[in-house]
Amino acid sequence: MASGQTVTVYGAYGHTGRFVVAELRERGFVPIAAGRDAEKLKALAAAEPGLEIRQASVDDPAALDAALAGTAAVINCAGPFATTTAPVIEAALRAGIPYVDVAAEIEANADTFAHFADRARAAGAVVVPAMAFYGGLGDLLATAAMGDWSSADEAHIAYALSSWHPTAGTRASGAVSRQRRGSRRIVYTGGRLTHRDDAPPTLEWTFPEPTGPRAVIGEFTMADVVTVPSHLSIPEVRTYMTVEAARDVLAPDTPTPAPADERGRSAQTFLVDVVVRSGGSERRAVARGQDIYAVTAPLAVEAVDRILTGRTRTVGVASAGEIFDAPDFLRALSPHITWEGPR
Ligand SMILES: NC(=O)c1ccc[n+]([C@@H]2O[C@H](COP(=O)([O-])OP(=O)(O)OC[C@H]3O[C@@H](n4cnc5c(N)ncnc54)[C@H](OP(=O)(O)O)[C@@H]3O)[C@@H](O)[C@H]2O)c1
């Protein structure tokens with residue numbers, strides 16, 4: 001266990017940042033709450049007695065250095081990540097500490113690999129993008145499903161969310177991504193990210209029981225199209241979303257998530273169904289849980305724990321499935337996530 005170590009959470013007073021701070025505390029780490037707004041940091045500290053706060057905006061490298069000073073790792077929860085990723089990674093590289101983020105912006109995730117892979121590897125540094133529900137969990141499941149396969153023809157990651165009440169950060173990140181791709185949609189096919197102008201297909205996906213067959217938007221492309229092919233040789237990676245959840249997240253008047261239990265989790269449930277195919281064979285891994293924002297905290301904190309205790313397989317920029325032992329990581333997420341698949 002790496003507990004007792006200090007970990008900076010950048011964007012600590014955001015919806016996801018708060019879950020991460022709570023998870024760190026619960027696991028015996030000492031979180032340092034960082035972010036750009038001093039008043040919001042003070043309000044968070046008032047609600048979380050004993051929490052140290054450090055104000056830093058991303059255009060102030062000295063303040064970022066101070067926010068990371070003396071800490072063992074940084075978790076970046078401040079999105080849109082198109083703006084925050086590079087400055088916080090630069091600060092982590094200067095501090096010589098690992099960097100983990102929860103970015104679900106395909107372009108920002110791809111930029112992290114493109115811009116930092118060489119430098120991070122040369123420095124022996126660890127940078128893990130998309131260590132979250134989107135991008136992280138699907139990659140862990142796909143990697144676990146692959147088992148001893150070194151390549152596959154296709155990976156399909158289907159999301160059944162009971163609803164999707166997006167945070168302001170999710171909406172802002174979606175808007176930035178849409179702008180960056182000129183309102184076109186993006187798919188991963190033929191071994192690369194490609195833009196499309198046509199409407200995505202609607203089809204039926206048969207989820208494991210009791211969910212069963214559901215209408216999904218096909219090519220509802222999520223961060224898994226960056227993380228999965230970053231280390232698995234799979235030329236076709238597709239993600240799917242149940243139509244009701246897709247409608248929720250796109251509608252302008254859908255409310256933000258409301259706490260429904262003592263941990264502050266919403267009542268939203270999720271099922272992630274991952275299928276990899278090679279030749280005529282198919283392998284599957286499935287995960288279930290509650291609240292995609294809340295569950296991001298155990299994913300990110302488990303990652304930091306493993307990095308700080310040397311339970312990693314590589315250095316440089318690496319996704320969850322590449323750097324961690326995927327089945328072992330998934331087992332460690334219990335009771336937050338239950339999963340079935342090759343163990
Ligand atoms: N991959 C996943 O599954 C996953 C899961 C959870 C969250 N996320 C992503 O994480 C991000 C945060 O989500 P959330 O739910 O926590 O949203 P949120 O409650 O709206 O919080 C957003 C946080 O980002 C900060 N922020 C935004 N722009 C910033 C900037 N330029 N400089 C510094 N801080 C900035 C905000 O600070 P201010 O209040 O000062 O603006 C706030 O702390 C989103 O991009 C979301 O998509 C991804």
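A polar contact is a pair of N or O atoms within 3.5 Å; within protein, one atom must be able to donate a hydrogen and the other to accept it, and residues adjacent in sequence count only if both atoms are side-chain atoms. This is a predicted model, in which local features need pLDDT of at least 70 and side-chain atom pairs count only at pLDDT 80 or more, while totals for chains, interfaces and linings use all residues. Residues are numbered from 1 along each chain as its sequence is written, and side-chain values use heavy atoms, with hydrogens and water left out.

- A backbone N or O atom of Phe133 lies 3.3 Å from an oxygen atom of the ligand, and a backbone N or O atom of Val102 lies 3.0 Å from a ligand nitrogen atom.
- Ser173 places a polar side-chain atom 2.5 Å from an oxygen atom of the ligand.

**The shell around the ligand**

- Of the 30 residues around the ligand, those that come nearest are Tyr13, Arg36, Lys40, Tyr134 and Ser173, where a residue is near if one of its heavy atoms lies within 4 Å of the molecule.
- Helix H7 gives the largest share of this shell, four residues; helices are DSSP runs of H or I with at least four residues, strands are runs of E with at least two, and both are numbered from the N terminus.

**The surroundings of Glu219**

- Glu219 sits in the loop between strand S11 (213-217) and helix H8 (224-231).
- Leaving aside neighbours within four places in sequence, Glu219 is in contact (heavy atoms within 4.5 Å) with Arg185, Val187, Arg196, Pro200, Pro201, Arg238 and Thr239.
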